[in-house]
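Dear colleague,

Please find below the structure that I am handing over to you. My notes on it follow directly after.

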Amino acid sequence: EMPFKFYSQNCCCLPLFASERSLQTGSLLGFTLATLTLFFCLPTFPIFVSVFMALITTGLVFPMSYFTYLPISAILSFFSNDMKHQRLEEIARRCVTVVDMKDSKILIRDLTKVGVIKTSSGSDFSTCTPKYDAVILQEFYGCVYSDRSRSHFVNIMKQAGYEFHSKSDNGITTNFPSLWANSGMAIFSPHELKDERECCFSN
């Protein structure tokens, strides 16, 4: 009986402007923009001071700053190449065995289901087979406004023979109030995954 083989790795794939460091500096920008917006939109200075102090004392100034920065980070993410595709492609390469097509006339996999997905270097995984029974990833994050890296990785893993996967949902309702990241857990396997569940810890 063959031993169960698995691969585990931390693979943080958040978009560049949604990283923790960017959120810290971006929130300062959001605070500045939100404050200026309040200043110019409220009719009088005393009202502005009252609203601003209410935001400070209730702590609402923090989500205000964050949510003001959110659309800025979403827009910037579409104009930046943060190498997340390349990082995930390297992880995929570690999880496969390349088949020598001269010796193997038939690759037992129907590639019509996903098509042949090209990587950043122009290669593909169409002549690869899974090296492991399960690939377990953490920090496989996705943003509500940008899930391109995760989708790309799912497609190339399917192409490489990891036809089944389970990953954290990326919906607004399931992750609220966090709109920038989910739990980041994911499993990929050439074997069918059954009894899929996600447990949220209270602390």
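Helix α5 (residues 148-159) has twelve residues, which at 1.5 Å a residue should span 16 Å; its end C-alpha atoms are 17 Å apart, which agrees. The expected span here is 1.5 Å times one less than the number of residues. Helices (H or I, at least four residues) and strands (E, at least two) are DSSP runs, numbered from the N terminus.

This is a predicted model, in which local features need pLDDT of at least 70, side-chain atom pairs count only at pLDDT 80 or more, and totals for chains, interfaces and linings use all residues. Residues are numbered from 1 along each chain as its sequence is written, and side-chain values use heavy atoms, with hydrogens and water left out.

Just after α5, glycine 161 has a positive phi of about 110°.

Two of the covering strands, β4 and β6 (residues 186-189), pair in the antiparallel sense over three bridges; strands pair if DSSP finds at least two bridges between them. Within this pairing, valine 135 stands opposite phenylalanine 188 in β6. Strand β4 (residues 134-138) is also joined by five bridges to β1 (residues 6-10), and these two run parallel. There, asparagine 10 stands opposite glutamine 138 in β4.

Overall, the protein chain contains six helices and six strands, and 36% of its 203 residues count as buried.

Yours sincerely

Methods
Buried means under 20% relative accessible area, exposed over 50%, partly exposed in between (1.4 Å probe, protein chains only).
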